[in-house]
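Please open the model in your viewer and have the selection tool ready. The stops below go from the sheet to the helices, and then to the charged pairs.

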Amino acid sequence: MKSDFASEISHTRSLVNRYLSAELARRGYAGLSPSHGDILAQLCRSDRMRMSELSRRIDRDPSTVTALVRKLIALGFAETARDETDRRATVVKLTERGRALEKDFGEISALLHATWQIGIAEEDLEVAARVLAAMRANLRAAIEGEPLQGEEGAAAPPGSCAPASGAQGPARPGADWARRAAAPARV
């Protein structure tokens, strides 16, 4: 049986976001969305953080992070200031209202995890996490033109965003790329 992992991942992510949005609304956090979660999680762990570092840690484009942080500021959860050591850089931190969100944020996260784990063995969840991490690594490598997971010198897939060394445009790998890409991930 072949599974359409991309579709399953997409539908699961959509349901996770709907669940989180409903729980945020139920707790009175209108306007706050699941897309703010990674930023809030990072800021809960840190007193303040440069916007560039926040972007790197959550693996999002700086312009996306800026838009999300602006929304958090408008909602009263965060504020920005110039970095004291480098006036060109902007730092972001949670306000008192943002810090008060930490308790609910933790509770919502725990409820989500408990909900999606119902009826699934711990071992299956561990395998699923490893498989998804391997898929993510393979996709990142394909985008960046790096070898596929566990393969030295593996070529980038057809239509890859990264050109082969010395080539113009997308890499054009050998015929064995499809065989390697179709092989089970080593997890």
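Two strands count as paired if DSSP finds at least two bridges between them. Helices (H or I, at least four residues) and strands (E, at least two) are DSSP runs, numbered from the N terminus. The model is a predicted one, in which local features need pLDDT of at least 70 and side-chain atom pairs count only at pLDDT 80 or more, while totals for chains, interfaces and linings use all residues. Residues are numbered from 1 along each chain as its sequence is written, and side-chain values use heavy atoms, with hydrogens and water left out.

**Whole chain**

Start with the protein chain in cartoon view. It has seven helices and three strands, and from the N terminus on the elements run α-α-β-α-α-β-β-α-α-α. Of the 187 residues, 28% are buried; buried means under 20% relative accessible area, exposed over 50%, and partly exposed in between (1.4 Å probe, protein chains only). Contact here means heavy atoms within 4.5 Å. Among contacts between residues at least 6 apart in sequence, 45% join residues at least 24 apart.

**The sheet**

Select residues 49–50, 78–82 and 90–94. These are β1 and β3, with β2 as residues 78–82. They form an open sheet of three strands in the order β1-β3-β2, with antiparallel pairing. The edge strands are β1 and β2, each pairing on one side only. In general, strands of a sheet pair through backbone hydrogen bonds, either parallel or antiparallel.

How many bridges join β1 and β3? There are two, in the antiparallel sense. On this side of the sheet, pick Arg 50, which stands opposite Val 91 in β3. β2 and β3 pair over five bridges, again antiparallel. Now pick Arg 82, whose bridge partner in β3 is Thr 90.

α4 lies across β2 and β3, running at about 115° to β2. Axes are lines fitted to C-alpha atoms, for helices over the stretch in contact, and angles run from 0 to 180 degrees between N-to-C directions.

To see the contact, show side chains of Met 51, Leu 54, Ser 55 and Ile 58 on α3, and of Pro 62, Val 65, Thr 66 and Val 69 on α4. By class, this contact has six nonpolar, two polar and no charged residues. Ala, Val, Leu, Ile, Met, Phe, Trp, Tyr, Cys and Pro count as nonpolar, Asp, Glu, Lys and Arg as charged, and the others, Gly among them, as polar.

**Asp 59**

Asp 59 lies in the loop between α3 and α4. Check its backbone: phi is positive, about 55°, although Asp 59 is not a glycine. Then show its side chain together with Arg 140. The two form a salt bridge, the closest N and O atoms being 2.3 Å apart. A salt bridge is a side-chain nitrogen of Lys or Arg within 4 Å of a carboxyl oxygen of Asp or Glu. Arg 140 belongs to helix α6 (residues 122–144), so the pair ties together parts that are 81 residues apart in sequence. Arg 140 is partly exposed, at 36% relative accessible area.

**Other salt bridges**

The structure holds 13 salt bridges. Select Arg 99 and Glu 102, whose closest N and O atoms are 3.3 Å apart. Both lie in helix α5 (residues 96–116), three residues apart, about one turn of the helix. Arg 99 is partly exposed at 29%, and Glu 102 is partly exposed at 31%.

Now select Glu 23, Arg 26, Arg 27, Lys 103, Asp 104 and Glu 107, which are linked in a network of salt bridges. Within this group, Arg 27 bridges to Glu 23 with closest N and O atoms 2.8 Å apart. Is Glu 23 buried or exposed? Glu 23 is buried, with a relative accessible area of 9%, whereas Arg 27 is partly exposed at 22%.

**Phe 5**

Finish at Phe 5, in helix α1 (residues 5–26). Phe 5 is partly exposed, with a relative accessible area of 42%.
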